Amino acid sequence: MTVSEQAQEQFKKLKGKDSIVIPNIIDEKEIKRLSKEKCDIPKAKYVFLTVSRIDPQKGFGRYEQVLQELEKKNVDYYWLFVGSCYLYPEFGDKIKERFEKQYKCKFLGKQDNPYKYM
């Protein structure tokens, strides 16, 4: 899954070699078509989903600020993080351990089908 046109171009060269290109904008009908799988997500008024590479380069501290604010305002939320931390596996383990204990969130790691969470 890519978020930039440059990254999409790079993946187009690899298409068929363990990579697929997914457009940045995708409508609800297409999401439903791509995923028939069910997933269990805890009931909450607001459910957030982040599908991204999870590592220090992405500035993960920004998420913590938002999570702190949600907690401070006593918002009924649940946050799912889908993505690998392949460059810094130890960072992913630390984040998962700390954040899942402190906040209402779940680090799912790399998923073959992130659409089911959408």
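The model is predicted, so local features are given only where pLDDT is at least 70 and side-chain atom pairs only at pLDDT 80 or more, while totals for chains, interfaces and linings use all residues. Residues are numbered from 1 along each chain as its sequence is written, and side-chain values use heavy atoms, without hydrogens and water.

**Confidence**
- The protein has a mean pLDDT of 79, and 79% of its residues reach 70 or more; pLDDT is the predictor's confidence in each residue, from 0 to 100.
- Helices (H or I, at least four residues) and strands (E, at least two) are DSSP runs, numbered from the N terminus.
- Where pLDDT is low, the predicted coordinates should not be read in detail.

**Helix H4**
- In H4 (residues 89–102), Gly92, Ile95 and Phe99 are buried, meaning under 20% relative accessible area with a 1.4 Å probe, protein chains only.
- These residues lie on the same side of H4 because they cover an arc of only 65 degrees around the axis; the arc is that of the directions from the helix axis to the C-beta atoms.
- On the other side of H4, Asp93, Lys94, Glu97 and Lys101 are exposed, that is, over 50%.
- Helix H3 (61–72) and strand S3 (105–109) are among what covers the buried residues of H4.

**Leu67**
- Leu67 lies in helix H3 and is buried, with a relative accessible area of 0%.
- Not counting residues up to four places away in sequence, Leu67 touches Tyr77, Trp79, Phe99 and Tyr103; contact means heavy atoms within 4.5 Å.
- Leu67 and Tyr103 are 36 residues apart along the chain, and their C-alpha atoms are separated by 6.9 Å.
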